[in-house]
Amino acid sequence: MADLDFFSDTDFENYKRLIYKESGIVFTPGNRSVLEGRLRERLRQNKEQSVSNYFKQISQNKQELDAFLDAITTNLTSFFRNIPHFTALEKFVIPEIINAKRDKVEKKIRIWSAGCSTGEEPYTIAMLLSEKLPMPWTFDIVASDISLKCLMTGKEGFYAADRIVGIPDAYLEKYFDKHEKGFKAKDFIKSKIRFDYHNLLNISPWLNFDIVFCRNVLIYFDEAVQTQVTNHFWDCMTNKSFLFIGHAESLFGLNTKFDLVKTQWTTLYKKWVS
Ligand SMILES: C[S@@+](CC[C@H](N)C(=O)[O-])C[C@H]1O[C@@H](n2cnc3c(N)ncnc32)[C@H](O)[C@@H]1O
């Protein structure tokens, strides 16, 4: 396998432009080596030697383009990642939503984990709500990503032993079965989550979310795409709903209608209209 000495500045520009157009993900000269590494791996898997031939393939073949986009995404995640978000979910967001929806016949809370990676975030939410939601309230979760590989892991619900760090022992016992090499989510908790492919550049096919989690995803986009994506969220959220983004992310300066909410645990955003 030749190395990518021939990944010229023009190649970089071509790949960068295509990735941005198709996923919103921004590569800069500062993280060019990340792209090169992931591209090299994809070429190796495809037994393809030429960066420019491969560029032609992904420009013409949607299936290979999707596989390439999957390969260049960063999927870092963990269970109970950033605990203050989950404390705010339990102690602030859920009571607010239950109050706002108290006259509704259907006692159900709808949540979207957008950019869910391998599923640790939606499983964390599912375990927490199963424990904390008062009767007769129920919930369902849509978990989406552009990485099909990640979605398959989420759907399967199997996590190696070193990945389950962060799950309290009592939850692990209740919601997972122990296997030789790891832990598998039990069917009743899996059934609360629907994993589905969705590119956040597109309008949401789903509606009426009370809570959206989109954490550590906006960071890969520029301001134009961040604005587009958050405005899509606005359109598919109920009139009294909340948005969590990553603790290193902010909507400050973006042209969106969300209001900042400061709780004692974390800041988040709300859509609160009548
Ligand atoms: C770092 S992970 C964040 C996972 C989880 N939300 C968390 O905070 O732990 C970012 C995820 O965003 C997904 N992603 C990036 N661009 C996307 C897009 N345009 N549409 C949907 N998902 C995207 C990636 O595939 C990746 O799985």
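These are my notebook entries on a predicted model.

**Entry 1: the domains**

I began with how the chain is divided. I found domain 1, covering 4-72, and domain 2, covering 83-272. I then looked up the spacing: the C-alpha centres of domain 1 and domain 2 lie 30 Å apart. Which residues make the contact came next, and I noted seven residues from domain 1 and 11 residues from domain 2. On the side of domain 1 that touches domain 2, helix H4 (residues 62-72) gives the most, with three residues. I also sorted that side of domain 1 by residue type, and I got three nonpolar, two polar and two charged.

**Entry 2: the core**

Next I looked up the largest nonpolar core, which has 53 residues. I wanted to know which members touch the most other members. My list reads Ile111, Ile141, Ile211, Val212, Cys214 and Leu243. Helix H5 (residues 83-100) gives the most to this core, and I wrote down six residues for it. A reminder to myself from general reading: in soluble globular proteins, nonpolar side chains tend to be buried together.

**Entry 3: the ligand**

How many residues surround the ligand? I noted 24, and the closest are Thr73, Thr77, Gly115, Ser117 and Leu200. I then sorted the shell around the ligand by type: nine residues are nonpolar, 11 are polar and four are charged. I also asked why the ligand's shell can be said to lie between the domains. Domain 1 and domain 2 both give residues to this shell, so it lies between them.

**Entry 4**

I finished with strands S3, S4 and S5. Strand S3 (residues 158-160) pairs with strand S5 (residues 182-185) in the antiparallel sense, over three bridges. Strand S4 (residues 176-179) also runs antiparallel to S5, and four bridges join these two. What sits between S4 and S5 in the hairpin they form? I found two residues there.

Last, I followed Gly182 in S5. Gly182 is the bridge partner of Ala160, and Gly182 is also the bridge partner of His179.

Technical notes
Residues are numbered from 1 along each chain as its sequence is written. This is a predicted model: local features need pLDDT of at least 70, side-chain atom pairs count only at pLDDT 80 or more; totals for chains, interfaces and linings use all residues. A nonpolar core is a set of buried Ala, Val, Leu, Ile, Met, Phe, Trp, Tyr and Cys residues joined through C-beta atoms within 7 Å. A residue is buried if 20 or more other C-beta atoms lie within 10 Å of its own, exposed if 12 or fewer, and partly exposed in between; C-beta atoms are placed from the backbone. A residue is near a molecule or strand if its C-beta atom, placed from the backbone, lies within 6 Å of it. Ala, Val, Leu, Ile, Met, Phe, Trp, Tyr, Cys and Pro count as nonpolar, Asp, Glu, Lys and Arg as charged, and the others, Gly among them, as polar. Domain bounds come from an automatic or database domain assignment. Two residues are in contact if their C-beta atoms, placed from the backbone, lie within 7 Å. Two strands pair if DSSP finds at least two bridges between them.
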